[in-house]
Structure formats: structure tokens, C-alpha cells
Amino acid sequence: MVKRKIRRWFRHGSWWRRLRNNSKYRDVLFRYLFRDKQDLLDLYNALNGSTYQNPEELEVVTMEDVIFMKMKNDLSFMIGNTLNLYEHQSTWNPNMPLRGMLYFAQQFEGLLASRGDDFYGTKRVELPTPVYIVFYNGGRMQSDNLLLYLSDSFPTGRGSGCLECTCEVLNINRGHNQALMEKCHRLWEYSEFSSEIEENIRRGMRREEAIHTAIDTCIEKGILKDILVKQKAEVLHMLLTEYDEKKHFRTLFREGKEAGLKEGREEGREEGREEGREELLRELVKKKLIRGKTIPEIAEELEAEISEIRDMIDHSGLDIHDERKGESL
């Protein structure tokens, strides 16, 4: 069998960009598919047994980048008297009810401000009913659905306290929630396509090859054919290109710091607490210097003080000219 030659560079607009593994490709694909109002309305009808026909009745209120929460939500919209938050997750997160509470609080605050409501007055302020659903296709859930509670995070347990937020998690892996899949064809197509990719990875393919192969297979089967044929280049770029490099490096830095602290505790040496953090920080600073980043830019991306980055460069002998010269050899 001849192995497919995978392109390592990809044209996007007028630029050629290097392909990187996008570990969140399933989340990105879900948001991409249901950005269309008609498909989103079909999903809503399938979940609620409703028969809305006009997609213009659906008002999308998704915030592209919620700075307050440092997260991106997937799909949020109002229809009728409900404010709906639909998220996709491929990794398990027990804090989803907390995420939902913070999101709805911010949305309600914005709604009150836009309407000029006086919540100190004697008249009750009316609010849309919040609904929070997570579509999950990771490997840690065996049932079709699960209800998570914010109060599970309280030391006194579920049902305690004066505040509650629930999150319904729906398993959309292949073979689960068949009745829902039959009602929403686009959701079924998404489930089949992502399952094809995961099957290919389990067979030993690299992620790039797995995605290419899944696209060809699904086109042959008529799955997502309307999108994969007409917008194949855009879909490939979206699935293969790392979309948030700054967040990726911040995560690496934080995990390295935590690893250093853990090693220090285990060995009982105070110096071990900083060793892992400083070593990773030095490597990240070196890479960013090579890329031409300024010291303030590096400090912002790594969430460190400018003075700390400058001292690291001075004491480690990192020379930007030497680093760039070495890269070109």
C-alpha cells in the first residue's frame, strides 16, 4: 500500500503556513458546522421537539473571545424565551457548570445594560431561561447523557448553597443518542466524520493523514459532502493548523512550572522548585527571540515580568543575533 504524501505547508489566502497538529480540531469543526443558522435551528428543534422554520427567529449572541473567562464558547443564541449555550468538548471537564454560570452571569449583565433595566426597582426584571448543553465525544463517558451540577463543587455537596447551575452533557460518539442523530442529520454527519478520523488514528495514521483519509472516505459516503467538496481547503486549514499559539505556550510554561514544583517537593530540595520552571522558561524565551519577538511581547505571552525575561536573557547568555544565525545554518 502506497502511503499518502502529506503536505507540510498549506496555502491560506496569500500566505503559505506550516501545518501543525490541532488537538482541538473536533471542537473547531463543531463550531464551524453549526455557524449556519439553519443547521443550528435544526439542532435546536431536534433537542426540544420544536418546529421552528425561520432561522431569522434565532438570534446568535456568541462572544468570539470572552476575556473575562479566558475561554471561547462555541454557540450561544436566543430563541423564544430561552438563552442557549451549546458547547463542544472532546476532553472531559468537570467544571462545565462553573463555566456556564460565569457565562450566563456575563450575558445577563449585558442584557440588562442593553435594555436599561433597573434591577433595584420594585418591578421584577424578566430574563430568558438559560439552557446549557455540552456535546461530548471524548472517551470518558459511556452513557448517552449526564447532568452535572455546580453545587457538586461546594464542600457541602449537591443541592447545598443558594446558587445552582446545571449542565446537560450529551454523548455524540458513534452509536450514542441515536434518536437525536436521526432528528438532526448534520449532527450525525459530524459524529461520523470525527469517528472516521479517530478510527484512522487508532489504525496508526498520523493526524494529518487520518484527516485527509477521513475526508476522502466521507465524500465517497456522502457524509458532509456539501462542505468537504466545496470548502475542502478551508476545512483542511481549520483542522490542521494550530489556532491559538499564545495559549499553547502559556500552557506549556504553566505545566513546566507545576512539574518543577512537584519535583522539588518529592526530592525535598527548595532549589528544585525553580529548576524546572527556569529551564522551560529559558527554552521558550530562546525560541521567541529567534522568531523576532521583543522582550515586552515575550513577557506578555508567557505571563511573566519584563524584568524577569530581561534578567533571564542577560544571565543565560542568550544573544538574539547568535540565535538567528544558528537558525539559518
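**View 1. Packing of helix 6 against helix 8 in the predicted model.** Helix 6 (residues 207-221) and helix 8 (residues 232-240) are roughly antiparallel to each other, a term that applies to angles over 145 degrees, whereas angles under 35 degrees count as roughly parallel, 65 to 115 as roughly perpendicular and the rest as oblique. The two helices pack at an angle of about 150 degrees with their axes 11 Å apart, where axes are lines fitted to C-alpha atoms over the stretch in contact and angles run from 0 to 180 degrees between N-to-C directions. Helices (H or I, at least four residues) and strands (E, at least two) are DSSP runs numbered from the N terminus. Glu208, Ile211, His212, Ile215 and Asp216 in helix 6 meet Lys232, Leu236, Leu239 and Leu240 in helix 8, with contact meaning heavy atoms within 4.5 Å. The residues of this contact divide into five nonpolar, one polar and three charged; Ala, Val, Leu, Ile, Met, Phe, Trp, Tyr, Cys and Pro count as nonpolar, Asp, Glu, Lys and Arg as charged, and the others, Gly among them, as polar.

View 2. When residues up to four places away in sequence are not counted, Glu189 touches Gly222, Ile223 and Leu224.

**View 3. Leu224, a residue with positive phi.** Leu224, one of the residues touched by Glu189, is found in the loop between helix 6 and helix 7 (225-230). Its phi is near 55 degrees, a positive value in a residue other than glycine, and at 1% relative accessibility Leu224 counts as buried.

View 4. With a relative accessible area of 13%, Asn177 is buried.

**Notes to all views.** Residues are numbered from 1 along each chain as its sequence is written, and side-chain values use heavy atoms, with hydrogens and water left out. In this predicted model local features need pLDDT of at least 70 and side-chain atom pairs count only at pLDDT 80 or more, while totals for chains, interfaces and linings use all residues.

Conventions:
Buried < 20%, exposed > 50% of the residue type's maximum accessible area, 1.4 Å probe, protein only.
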